[in-house]
Amino acid sequence: MVYIAGMSIRTILSVAITIAAFVVSLGFGSRANAWGMLRALNTKFMKSYLAYSIYKYHRINYCLDIESGSAGHFHKRTLDTEVKWALGQWLEVVRQYTGPVPLNSVQCASPNLNIMVYVGPSTRDDFDPSYNDAHIHDLDEYFVKIVLNSDFRYRYDGSIYPVYDFAYVVRQFLNSGNFSLSFFLKEMYANKYSFDEIAAWVAPQWGADGKAILYYTSAHLLLHELGHSFGLCDTYDVTQNCDPNFSSHWNNEPPSVMGMANYLYLSPDDIEGIRALFQRFAPISRTPEHKRK
Ligand SMILES: [Zn+2]
């Protein structure tokens, strides 16, 4: 049985509305942190989420599944680099709770799977470019699944853009045979390059809508969806999947990966949220080994 707990990033329209509301809200009071945790953590699907499974298994087993014929120029090698880069950002800031967490690439049919990254048509009846779901195998094994929706099409100025592999888009403007994705991602993370800066490089080749195209690329979508995979909720619309009992203030949300989503590095708000999440699940790490079943 596969169960869909149901959480997603919104369409560009609702994001725009949220941004507008955010700008309006700036006029009222000071900014507060705004992280929150998923309501789904209160259900049995809690076991699917990485904040739980890392304490239990002390590793992350992940698999990549790219449907043949998917648009967006996805490659297993570059997607693998991006997944490890995005996982690494989240794991780095909770290392004091978890210690080192090995990342193992496994088959998607593995019963010991913790997270699946799927590129293919969405089974949902909506227009999300990406989303994260909790799943359970028949054998009572839990995992999370990130979907990069290959059916998604962003329309702009008469052109139609799918969700692209970030590596493909970047390669277009670097135009270099020596392009190293992992080096580029590390540079962007170290220097905290903004979407605006990267879009300014991309724009000459991709038109005035470079930022929108960049918005629908895999690297930052993965960073956001992985936030859900750990157990964090969407702070751009707290009514959607956030648990009010495990969240900070929800007024005047600061920009963040779990808020606006258009970031390639974690904000202080994201870091505070993921640390609170691991503190919440810390008792699992103190469960004696023989009781971990
Ligand atoms: Zn989301």
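How many bridges join strand β6 to strand β7, and which way do the two strands run? The model behind the answer is a predicted one, in which local features need pLDDT of at least 70, side-chain atom pairs count only at pLDDT 80 or more, and totals for chains, interfaces and linings use all residues. Residues are numbered from 1 along each chain as its sequence is written.

Strand β6 covers residues 130-136, and 7 bridges tie it to β7 (residues 142-149), with the two strands running antiparallel. Strands count as paired if DSSP finds at least two bridges between them. In this pair, alanine 134 sits opposite valine 144 of β7. Strand β6 is also mostly covered, with 5 of its 7 residues buried. Here, buried means that 20 or more other C-beta atoms, placed from the backbone, lie within 10 Å of the residue's own.

Zooming out, the protein chain has 11 helices and 10 strands. These are DSSP runs numbered from the N terminus: H or I over at least four residues for helices, E over at least two for strands. Of the chain's 293 residues, 43% count as buried. Among contacts with a separation of 6 or more, 79% come from residues 24 or more positions apart; a contact needs C-beta atoms, placed from the backbone, within 7 Å.

Now for helix packing. Two packed helices are described by the angle between their axes and the distance between the axes. Axes are lines fitted to C-alpha atoms, for helices over the stretch in contact, and angles run from 0 to 180 degrees between N-to-C directions. Helix α3 (residues 76-92) and helix α6 (residues 181-191) have axes that come within 10 Å and cross at roughly 30°. That makes α3 roughly parallel to α6, a label for angles under 35 degrees. On the α3 side, Thr78, Thr81, Trp85 and Gln89 meet Leu181, Ser182, Leu185 and Tyr189 of α6. The residues of this contact split into 4 nonpolar, 4 polar and no charged. Nonpolar covers Ala, Val, Leu, Ile, Met, Phe, Trp, Tyr, Cys and Pro; charged covers Asp, Glu, Lys and Arg; the others, Gly among them, are polar.

Helix α3 also meets helix α9 (residues 218-230), with axes that come within 9 Å and cross at roughly 50°. Residues in the contact include Leu79, Val83 and Trp90 of α3 and Leu222, Leu226 and Phe230 of α9. Its residues divide into 10 nonpolar, 2 polar and 1 charged.

Notes. Parallel < 35°, antiparallel > 145°, perpendicular 65-115°, else oblique. Contact = placed C-beta atoms within 7 Å. Buried ≥ 20, exposed ≤ 12 C-beta atoms within 10 Å, placed from the backbone.
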